[in-house]
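Please look over the structure below.

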Amino acid sequence: MSVARVSIQTADFDLSQEVAALRDGDKRVGAVCSFVGTVRDRNDGSTVASMELEHYPGMTEKAIEAMIDEAHRRFDILGARVIHRVGLLQPLDQIMMVAVVSAHRGQSFEACEFLMDYLKTQAPFWKKEQTPEGAHWVDARAADDAALARWGIRAPNA
């Protein structure tokens, strides 16, 4: 069964189902690495009541597909899956996941971390947080640019 590599959706996801689909029947898979991001109730010292994520349909999927292609070029992986939610989210809600499968753990770990660093700065999403001080758009952070730069990619956003 072929699994879509990228999904942008409002609905929640089940990590175990997604990993099972990514591994489905592939006896070469010896390692699975995954990351799930969740909404925190705090950011930069302020309480976060909710977060709203927006994107440009089509453009976002294309950008993330290119990131996965780059992960395949850099690492010996067998597959990758990225799900990112959009819309209104509450603290504790899952925002996104990255799952990578490979024959060996090192490649899965590296590819997963690479994709997270890449997604954090280069995926075209816009986040607005609702705080006691009011709603505000979340800016990119210099630390995220530095994390991406360690992979040899310089794309300043902050």
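The notes that follow describe a predicted model.

## The four-stranded sheet

Four strands form an open sheet in the order β7-β5-β9-β10, with antiparallel pairing. From one strand to the next, the twist averages 20°.

Strand β5 (residues 50-55) and strand β9 (residues 125-131) run antiparallel and are joined by six bridges. Glu 54 stands opposite Trp 126 in β9.

## The nonpolar patch

Together with Tyr 56, Met 59 and Trp 137, Trp 126 makes a nonpolar patch of about 460 Å². The relative accessible area of Trp 126 is 36%, so this residue counts as partly exposed.

## Salt bridges

The whole structure holds nine salt bridges. One of them pairs Asp 12 with Arg 85, with the closest N and O atoms 3.6 Å apart. Asp 12 sits in the loop between β1 (6-9) and α1 (15-23) and Arg 85 in strand β6 (residues 77-85), so the pair ties together parts 73 residues apart in sequence. Asp 12 is partly exposed at 46% relative accessibility. Arg 85 is buried at 8%.

Arg 150 and Glu 113 meet at 2.7 Å, N to O. This pair also links distant parts of the chain: Arg 150 lies in the segment after α4 (142-149), Glu 113 in helix α3 (residues 105-122), 37 residues apart. Both are partly exposed, Arg 150 at 48% and Glu 113 at 42%.

Arg 28 and Asp 26 form another salt bridge, at 2.7 Å from N to O. Here Arg 28 is exposed at 53%, while Asp 26 is partly exposed at 22%. A network of salt bridges links Arg 5, Glu 65 and Asp 69.

Note on methods:
Residues numbered from 1 in each chain as written. Predicted model: local features only at pLDDT ≥ 70, side-chain atom pairs only at ≥ 80, totals over all residues. Heavy atoms only, no water. Pairing = 2+ DSSP bridges. Helix = DSSP H or I, 4+ residues; strand = E, 2+ residues; numbered from the N terminus. Axes fitted to C-alpha atoms, helices over the stretch in contact; angles between N-to-C directions. Patch = residues over 30% accessible without salt bridge, like charges linked within 9 Å, V, L, I, M, F, W, Y side chains within 5 Å. Areas by Shrake-Rupley, 256 points an atom, 1.4 Å probe, with all protein chains shown as cover. Salt bridge = Lys/Arg side-chain N within 4 Å of Asp/Glu carboxyl O. Buried < 20%, exposed > 50% of the residue type's maximum accessible area, 1.4 Å probe, protein only.
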